[in-house]
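Visitor: Could you take me through a close look at the place where the ligand sits? I'd like the cut-offs along the way, please.

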Amino acid sequence: MKQKKIALINDITGFGRCSVAVMAPIISAMKIQAVAVPTAILSTHTQFPEYYFDDYTDRMRDYIQTYKDLNMEFDAIATGFLGSEEQVDIVIDFIDTFRTENSLVIVDPVMGDYGKLYKTYTPQMCKKMEELVHHAHILTPNLTEVCTLLGIDFGDGKFSTDELEKMCGELAKRGPEHIVITGIPFNRHQIMNYIYSVDESPRIVMVDRIGVDRSGTGDVISAVISGMYLNGHSFYDSVKKAAGFVSKCIKYCEDNDVPSHWGLCFEMFMKELMED
Ligand code: PXL
């Protein structure tokens, strides 16, 4: 079988285990070729008190031109952290140029967490992100991002499953066929992943809540989902695998007192991804 390749349009961050630094190795472990298309280069992610942030917008078009000249095609395109409004247009052009009839587009609308936007995400930038949703087959937002995309007040972050279904329905009307709302605090002991696929009953994958919330978790989840789904697994099984994998990584971090903003020690469990 021809090996698949996925374009990862995301930032490259040196320390803190997020974005390409997480997604490329995970995707590679799942036997898929990862091609990085940088949106920004950071020394650490934006949850650290200090970080060097080099917005890559000006250089992205030249970078991508090589792939146009080579007439490249991608089996999947996964987008994550974007550094400027203009990048959304560049990403949409990338999708239009490189997708084939069967290509999969995975959009992780990275914008914020716990009801708050990340420091580099302006309200205008969030508005622009809405445009990208129309191009996605798979959408992997957290609750903060769902509320931001739909213009709903996050409030105390508590939503019923009926409300979640309605919210996913609204997002699905914009294009995505599969949506998972990740990391929803359910109670003191459990975290819920709410799975919505068009024309199917919603499903839930619960995982034990272990210790504190950790940065980069969403990036690990979207990488595992992308790899699993590209390898032919159902969306539900892909989410289940991702949630189980993340739980193991988090437990390791807790047991070893890894600071919460250092990301997940996914390196310890890479072997488990190699079978799928
Ligand atoms: O994990 C999401 C993410 C990705 N990229 C950068 C970030 C964050 C979250 O803080 O700062 C640069």
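Guide: Let's start with a term: a polar contact is a pair of N or O atoms within 3.5 Å; within protein, one of them must be able to donate a hydrogen and the other to accept it, and residues adjacent in sequence count only if both atoms are side-chain atoms. Before the contacts themselves, a word on the source: this is a predicted model, where local features need pLDDT of at least 70 and side-chain atom pairs count only at pLDDT 80 or more, while totals for chains, interfaces and linings use all residues. Residues are numbered from 1 along each chain as its sequence is written, and side-chain values use heavy atoms, with hydrogens and water left out.

Now the contacts. D11 puts a polar side-chain atom 2.7 Å from a nitrogen atom of the ligand. S19 has a side-chain N or O atom 3.2 Å from a ligand nitrogen. On the oxygen side, Q47 brings an N or O atom of its side chain to 3.1 Å from an oxygen atom of the ligand. The protein covers 96% of the 310 Å² of accessible area that the ligand has on its own; such areas come from the Shrake-Rupley method with a 1.4 Å probe, and for residues only the protein chains shown count as cover.

Step back to the whole shell: 13 residues surround the ligand, and the closest are D11, S19, T46, Q47 and D219. Here a residue is near a molecule or strand if one of its heavy atoms lies within 4 Å of it. By class, that shell holds five nonpolar, six polar and two charged residues. The classes count Ala, Val, Leu, Ile, Met, Phe, Trp, Tyr, Cys and Pro as nonpolar, Asp, Glu, Lys and Arg as charged, and the others, Gly among them, as polar.

T46 and Q47 turn up again in the lining of the second largest pocket, along with D113, Y114, K116, L117, Y118 and K119. A pocket, on a 1 Å grid over the protein atoms alone, is an open set of points with protein on both sides within 12 Å along at least five of seven lines, whereas a cavity is a set where a 1.4 Å probe fits but cannot get out; lining residues have an atom within 4 Å of a point. This pocket holds about 160 Å³ of space, with grid points joined across faces, edges and corners and the volume being the space filled by probe spheres set on the points. Its lining splits into three nonpolar, two polar and three charged residues.

Helices (H or I, at least four residues) and strands (E, at least two) are DSSP runs, numbered from the N terminus. Most residues other than glycine have a negative phi. R17, though not a glycine, has a positive phi of about 50°. It's partly exposed because its relative accessible area is 23%; buried means under 20%, exposed over 50%, and partly exposed in between (1.4 Å probe, protein chains only).

For comparison, N71 in the loop between α2 (57-69) and β4 (74-79) also has a positive phi, near 50°, and it counts as exposed because its relative accessible area is 66%.
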